[in-house]
Amino acid sequence: MDQSEYATRVVAAIAALKQDLPTLFERDISYDIYAREIFFQDPVNRFKGKFNYRIIFWTLRFHGRLFFTQLFFDLHDVRQASLDTIRADWTVRGTLRVPWKAKIFFNGYSTYRLNAEAQIYEHLDTWDRPPGEILRQFVQTSS
């Protein structure tokens with residue numbers, strides 16, 4: 001693949017991420033930009049393969065609808081960070097389906113690594129705080 005075609009595919013991948021990520025809790029994403037053996041890791045999950053990748057997004061939507069009255073993925077920026085890397089900065093925020101209406105809020109970023117065909121073969125999520133600290137947001141505090 002020549003540099004021009006690679007660059008065109010990177011632009012298309014960025015456009016797909018910009019379209020898919022803000023609604024990932026509402027509807028499925030497009031999987032065309034991902035390699036078959038994509039590797040995913042965040043602070044609580046680690047796996048390989050497009051089938052498992054599809055399951056994680058289905059699980060996010062399912063649990064989002066089940067446990068939250070509101071849940072948002074605010075996409076702040078998507079950019080090509082280097083020749084073979086895309087970075088997306090985001091915030092997750094929502095309201096838990098409990099009587100005290102606990103709020104969730106955390107920032108993070110996703111690093112997407114591209115193979116020679118400009119397909120995403122690695123997706124690493126970094127959160128601004130540990131998972132336990134995020135879960136503590138759900139606990140009702142006495143006043």
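Student: How much space lies in the largest pocket?
Tutor: The model is a predicted one, and in it about 720 Å³ of space lies in the largest pocket. Its lining comprises 30 residues, and those closest to the centre are Phe25, Asp42, Leu60, Phe106 and Trp127.

Student: Which elements give two or more residues to the lining of the largest pocket?
Tutor: They are helix 2, strand 3, strand 4 (85-96), strand 5, strand 6 and helix 3 (131-135). Helix 2 gives the most, with 7 residues.

Student: What is the make-up by class of the lining of the largest pocket?
Tutor: The lining has 22 nonpolar, 6 polar and 2 charged residues. Phe and Trp count as nonpolar and Asp as charged.

Student: How do you know that the span of helix 2 agrees with its number of residues?
Tutor: The expected span is 1.5 Å times one less than the number of residues. For the 18 residues of helix 2 (residues 50-67) this gives 26 Å, and the end C-alpha atoms are 26 Å apart, so the two agree.

Student: Which residues of helix 2 are buried, and what puts them on the same side?
Tutor: Tyr53, Ile56, Phe57, Arg61 and Gly64 are buried in helix 2. They cover an arc of only 130 degrees around the axis, and therefore lie on the same side of helix 2. Phe51 and Arg65, on the other side of helix 2, are exposed. The cover over the buried residues of helix 2 includes strand 1 (34-41), strand 2 (46-48), strand 3 (68-82), strand 5 (103-114) and strand 6.

Student: How do you know that the span of helix 1 agrees with its number of residues?
Tutor: The 18 residues of helix 1 (residues 3-20) should span 26 Å at 1.5 Å a residue, and the end C-alpha atoms are 25 Å apart, which agrees.

Student: Which residues of helix 1 are buried, and what puts them on the same side?
Tutor: In helix 1 the buried residues are Tyr6, Val10, Ala13, Ile14, Ala16, Leu17 and Asp20. Because they cover an arc of only 160 degrees around the axis, they lie on the same side of helix 1. Ser4, Thr8, Val11 and Gln19 are exposed on the face of helix 1 turned away from its buried side. Strand 1, strand 3, strand 4, strand 5 and strand 6 are among the elements that cover the buried residues of helix 1.

Student: Why is Ile104 called buried?
Tutor: A residue is buried when its relative accessible area is under 20%. Ile104 has 8% relative accessibility and therefore counts as buried. Ile104 is found in strand 5. Leaving aside residues up to four places away in sequence, Ile104 touches Phe68, Leu71, Val92, Arg93, Gly94, Ile134, Gln137 and Phe138.

Student: Which residues does Trp127 touch, not counting residues up to four places away in sequence?
Tutor: Trp127 touches Asp42, Pro43, Val44, Trp90, Phe106, Asn107, Gly108 and Ile134. Each of these counts as a contact because it has heavy atoms within 4.5 Å. Trp127 itself is found in strand 6 (residues 120-127). Asn107 is 20 residues from Trp127 in sequence, and their C-alpha atoms are 6.0 Å apart in space.

Student: What is the phi of Lys101, and is Lys101 buried or exposed?
Tutor: Most residues other than glycine have a negative phi. Phi of Lys101 is near 50 degrees, a positive value. Lys101 lies in the loop between strand 4 and strand 5. The cut-off for exposed is over 50%; Lys101 has a relative accessible area of 56%, so Lys101 is exposed.

Student: What is the phi of Ala118, and is Ala118 buried or exposed?
Tutor: Ala118 also has a positive phi, near 65 degrees, and its place is in the loop between strand 5 and strand 6. At 5% relative accessibility, Ala118 is therefore counted as buried.

Student: How many helices and strands are there in the chain?
Tutor: There are 3 helices and 6 strands, in the pattern α-β-β-α-β-β-β-β-α along the sequence. Of the 143 residues of the chain, 41% count as buried.

Conventions. Residues numbered from 1 in each chain as written. Predicted model: local features only at pLDDT ≥ 70, side-chain atom pairs only at ≥ 80, totals over all residues. Heavy atoms only, no water. Helix = DSSP H or I, 4+ residues; strand = E, 2+ residues; numbered from the N terminus. Buried < 20%, exposed > 50% of the residue type's maximum accessible area, 1.4 Å probe, protein only. Arc of directions from axis to C-beta. 1 Å grid on protein atoms, 1.4 Å probe; cavity = no way out; pocket = protein on both sides within 12 Å on 5 of 7 lines; lining within 4 Å. Points joined across faces, edges and corners; volume = space filled by probe spheres on them.
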